[in-house]
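Subject: Structure handover

Hello,

Here is the structure we spoke about, with my notes below it. Please read the notes with the model open.

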Amino acid sequence: MKTFRIRVDGQAAEAEADSETSLFAAMTRVGIAWPVSCRNGTCRTCLGRLLEGRVRYDIPWPGLSADEKDEGYCLPCIARPVADVVIVKA
Ligand code: FES
């Protein structure tokens, strides 16, 4: 399965994830700290913004509006990469 690179803007550490692994899980594996609470896409504690890349969700409407999605906001606890990603905390 293809893997994608996950990077937090301004940090040297980099994670790898396939399209079945959440950004949060991948970041945690390599020691990148990221705020998280519900881990199911509802509380928005983990809200981030994609500077590069794209993600997908298993649920059709995670706790994001269509406008937020269009602006690059994502929920790393449930977002899975479909391209190399650079993210920043929102
Ligand atoms: S931790 Fe609650 S939406 Fe991600």
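Arg80 is buried, with a relative accessible area of 16%, in a model that is predicted. The cut-off for buried is under 20%, so a value of 16% places Arg80 on the buried side of it. Arg80 belongs to strand β6, which covers residues 80-81. Its side chain makes a polar contact with the side chain of Asp58, at 3.4 Å. Asp58 is also one of the residues that Arg80 contacts once neighbours within four places in sequence are left aside; the others are Ser19, Glu20, Thr21, Ser22, Arg54, Val55 and Arg56. Arg80 and Ala17 are 63 residues apart along the chain, yet their C-alpha atoms are separated by 7.9 Å.

Ser19, one of the contacts of Arg80, lies in the loop between β2 and α1. Ser19 counts as buried because its relative accessible area is 19%, and the limit is under 20%. Not counting residues up to four places away in sequence, Ser19 touches Met1, Lys2, Phe4, Arg56, Arg80 and Pro81.

Next, the sheet. Five strands form an open sheet with mixed pairing, in the order β2-β1-β7-β3-β5. β2 and β5 stand at the edges with a single partner strand each, so one side of each has no neighbour in the sheet. At the β2 end, β1 and β2 pair in the antiparallel sense over five bridges, and Phe4 has Ala17 in β2 as its bridge partner. β3 and β7 are also antiparallel, with four bridges; here Glu52 stands opposite Val86 in β7. At the β5 end, β3 (residues 48-52) pairs with β5 (residues 73-74) in the antiparallel sense over two bridges.

In soluble globular proteins, nonpolar side chains tend to be buried together. The largest nonpolar core in this model has 22 residues, and those with the most contacts inside it are Ile6, Leu23, Met27, Trp34, Tyr57, Leu75 and Ile87. At least two core residues come from each of β1 (3-8), β2 (14-18), α1 (23-29) and β7 (85-89). α1 gives the largest share, four residues. Which residues does Tyr57 contact, leaving aside its neighbours within four places in sequence? They are Pro62, Leu64, Lys69, Tyr73, Cys74, Leu75, Ile78 and Ala79. Among them is Leu75, which is also listed with the most contacts inside the core.

Last, two backbone angles to look at. Most residues other than glycine have a negative phi. Arg39 has a positive phi, near 60°, and is not a glycine. Arg44 is likewise not a glycine, and its phi is positive at about 70°. Arg39 is in the loop between α1 and β3, and Arg44 is placed in the loop between α1 and β3 as well. Are these two residues buried or exposed? Arg39 is exposed, with a relative accessible area of 52%, whereas Arg44 counts as partly exposed because its relative accessibility is 32%.

Regards

Note on methods. Residues numbered from 1 in each chain as written. Predicted model: local features only at pLDDT ≥ 70, side-chain atom pairs only at ≥ 80, totals over all residues. Heavy atoms only, no water. Core = buried A, V, L, I, M, F, W, Y, C linked by side-chain atoms within 4.5 Å. Buried < 20%, exposed > 50% of the residue type's maximum accessible area, 1.4 Å probe, protein only. Contact = heavy atoms within 4.5 Å. Pairing = 2+ DSSP bridges. Polar contact = N/O pair within 3.5 Å; in protein donor to acceptor, adjacent residues only side chain to side chain.
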